[in-house]
Amino acid sequence: LTNLLCKRIKHRNIIGFGTSLDSRRYSVLLKKRVMCIGEHGRAIPLLKMQSEEEYKKLQKKMDSGIVEFLREHGMTYEITVNEFINFFDKLQSKNKQVLIFSSYLKKPYYGVKNIAISIPLVVKEGKIIGYANAHATKLEQSLFQKGVNNLKNSIKVLTKN
């Protein structure tokens, strides 16, 4: 959605919050802080796993956990609202913070630029300072590139009209 808005209204200061939620979900599931890159709902957790199959299994576990939670509790906006408040508090902080969100990449990130996609970013007082030190393995970079290609293809279809 962030990338589509950047393309449609030709404005580069749009941010997307979704992968921040994905990162939070992985962190809760794995009981440790997890950074993600990629698209919301298809986020790639930076965990240094050995195979694409391991990532797929973890994503399935995450997806089934979300479905089970929603069936039991319904949509709990309190969780999302709290994460939203925490996100924007950190974004506006006078101290440098690391946040994961979708932003238009002007400088290359693992060879990717000129697209809005989520990565860990360093922010201060509402401005992006730079990319955070979140090292992706070759496999994670490959999964990220696949997500970028899928995103580019979907945007081509949506922007033809």
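In what order do the three strands form the open sheet? The order is β3-β4-β5, and the pairing is antiparallel; strands are DSSP runs of E with at least two residues, numbered from the N terminus, and two of them pair if DSSP finds at least two bridges between them. This is a predicted model, in which local features need pLDDT of at least 70 and side-chain atom pairs count only at pLDDT 80 or more, while totals for chains, interfaces and linings use all residues. Residues are numbered from 1 along each chain as its sequence is written, and side-chain values use heavy atoms, with hydrogens and water left out.

Strands β3 (97–104) and β5 (127–131) stand at the edges with a single partner strand each, so one side of each lacks a neighbour in the sheet. From one strand to the next, the twist averages 55°. Strand β4 (residues 116–124) runs antiparallel to β5 and is joined to β5 by four bridges. K124 has K127 of β5 as its bridge partner.

Attention now turns to the helices, which are DSSP runs of H or I with at least four residues. The axes of α2 (residues 18–30) and α4 (residues 77–91), lines fitted to C-alpha atoms over the stretch in contact, come within 11 Å and cross at roughly 115°. That angle, taken between N-to-C directions on a scale from 0 to 180 degrees, makes α2 roughly perpendicular to α4, a class that covers 65 to 115 degrees. The contact (heavy atoms within 4.5 Å) involves S20, L21 and R24 of α2 together with T80, E83 and F87 of α4.

Note on methods. Parallel < 35°, antiparallel > 145°, perpendicular 65-115°, else oblique.
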